[in-house]
Amino acid sequence: MRRTHLRFAVAATAAAAMIGGLLTVTAGPVAAAAAKYGDDFNGDGYRDYAEYTYQPVGGGVVITFGTASGPGTRTQTVTQASAGVPGAAEVDDAFGEVRAAADLNADGYGDLAVSAVHEDVDGKESQGAVTVLWGSASGLSGGTTLPNKAPDSWGGMGSDLATGDFNGDGRQELAVVNANKAFVHRGTFARSGITGTVNTLDRSGFYATALIAGKVDGDARTDLVVIGDVVTDTLIGSDAWYFKGGSTFTPGRTLRLESVSGNSGQADRGGDGLIADFDKDGYGDIAVGTQIHDGYRGRVSVWYGSSTGPSTGARFTQATSGVAGTPEADDSFGSALSAGDVNGDGYKDLAIGVYGEAIGTVSYAGGVHVLRGGSPGLTGTGSQFFDRSTAGVPGAVESSDTFGHRVLLRDVNGDGRADLHIAGAMSPGVRLLGSASGVTTTSATAVSETVLHGTVR
């Protein structure tokens, strides 16, 4: 499953505040200083929201500009027909379906990298393309094409994107999945062109599908986890492959996420992934959802960080002690993940979508689990579960609502506790506030889908 949510990065000074917190500032950006938020496209100090919008020809991105209280009323739509955006809008390009935000040229405005995975280039069908849309005082303005280092038909350049300061020089860089390999673009990002070194991360029999960026080993450099299929004569598997950030990437350990005996079937994880510090030891922990596990019962794999990179691991399913429910075919536990501190104890907690969960006899009604972080790491003890039948949750239990197909933990009221946002297909999304005792349904409200579809984690 291709990821359609927004990836982002911010200046190193704000990195600790990104996950589970919403900071606001009143001053505008300082000239030639990186933006505080990678998704602040107009430099007003508030995070903006970029979501994919279907267009009859080509696709596009709708920007909803942020305010002190979240999404505002001012919007901007960018397509390949917009002034200064390279390429041409064509049917099925899917321009903007995959997005990553960062201040790539360090001018104080967040920029947005967007892919068009089905873009035809020079007669090569679905070669794909990635465009950097540049931030400015008026929002996104113009774009520059990222060089394609593996131009070929069906390469699908930009099938996933991630940003980070991978070499620790204080500037943001861009990682791209292209032709089943991961490429990291370093150097100069400018309206006039994107130049510099490109690192290729690949090995025989490994087919990259997704990227997760974050700081795992505690140093100043962003590390990268490449998710990919592993194909042999006897199995199809899916691995998470860790790379330590630096002037050149150092390949590290791999974690087997899924394995299917026989050279048939699909092992692509089809879920979500992130890096957050669940045990508050100063090292980022890697969490990856594998919704296809065991007949789409699903599971989440957690790989704890250390000074040497990822070390010990743990697996969570609906059979884990303390976790509500039981594993059932098509539950898709782990299809969506988000991290944040819901009770203000300093430990990141993990929200896990289970959009295929049946509620009573209602199929695909969906729900969300929240697992608590603590000194041992994540645990099912004290975990919470929410669906439309939970007292205080707005909306009715309906078939195919897929409640929990998107989840977000973010502090929107500034109380230091992450609030849980949940998307459903049949009714408006909901926001459940964080509290000292965890997520609460008290004062639950309906929220715009923009928050979930256009925001960062």
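Before I count anything, one definition: a helix here is a DSSP run of H or I with at least four residues, a strand is a run of E with at least two, and the numbering starts at the N terminus. On that basis the chain has 2 helices and 30 strands. And please keep in mind that this is a predicted model.

So what does the confidence look like? The mean pLDDT of the chain is 89, and 90% of the residues reach 70 or more. The stretch to watch is residues 8-31, where the pLDDT is below 50; in the model it still has 58 contacts beyond near neighbours in sequence. Where pLDDT is low, the predicted coordinates should not be read in detail.

Now some totals for the chain. There are 457 residues, and 57% of them count as buried. The accessible surface comes to about 16,300 Å², with 50% of that belonging to carbon and sulfur atoms. As for contacts with a separation of 6 or more, 54% are between residues 24 or more positions apart.

Let's go to the sheets. Please find β9, β10, β11 and β14, because I'd like you to follow the order of the strands, and a strand pair here takes at least two DSSP bridges. These 4 strands make an open sheet, in the order β9-β10-β11-β14, with antiparallel pairing. The edges are β9, residues 161-164, and β14, residues 198-201, and each of them pairs on one side only. Neighbouring strands in this sheet are turned by 20 degrees against each other on average, ignoring direction. If you want a landmark, L161 sits opposite V176 in β10.

Between β27 and β28, residues 419-423, I have 5 bridges, with the strands antiparallel. The pair to click on is L408, whose bridge partner in β28 is H421.

Next, a hairpin. β16 is joined to β17 through 3 residues. The two strands run antiparallel, with 8 bridges between β17 and β16, which covers residues 223-231. L224 stands opposite F243 in β17. Is β17 enclosed or open? Well, 9 of its 10 residues, in the range 235-244, are buried, so β17 is largely enclosed by the rest of the structure.

On to the core. The largest nonpolar core has 17 residues, and the ones touching the most other members are L274, F278, V302, L350 and L378. The elements giving two or more residues to this core are β19 (273-276), β21 (299-303), β23 (333-340) and β24 (349-354). Take β23 from that list: 8 of its 8 residues are buried, so β23 is largely enclosed by the rest of the structure. It pairs antiparallel with β24 through 6 bridges, and G340 stands opposite D349 in β24.

Last, a few single residues. A50 is in strand β2, residues 49-53. Its relative accessibility is 0%, so A50 counts as buried. The C-alpha of A50 is 6.3 Å from that of V61, which lies 11 residues away along the chain.

W154 isn't a glycine, but its phi is positive, about 65 degrees. It's in the loop between β8 (143-145) and β9, and at 58% relative accessibility W154 counts as exposed, because the cut-off for that is over 50%. The other one is Y364, also not a glycine, with a positive phi near 50 degrees. You'll find Y364 in the loop between β24 and β25 (367-372). With a relative accessible area of 32%, Y364 is partly exposed.

Notes
Residues numbered from 1 in each chain as written. Predicted model: local features only at pLDDT ≥ 70, side-chain atom pairs only at ≥ 80, totals over all residues. Heavy atoms only, no water. Axes fitted to C-alpha atoms, helices over the stretch in contact; angles between N-to-C directions. Buried < 20%, exposed > 50% of the residue type's maximum accessible area, 1.4 Å probe, protein only. Contact = heavy atoms within 4.5 Å. Areas by Shrake-Rupley, 256 points an atom, 1.4 Å probe, with all protein chains shown as cover. Core = buried A, V, L, I, M, F, W, Y, C linked by side-chain atoms within 4.5 Å. pLDDT = per-residue confidence, 0-100.
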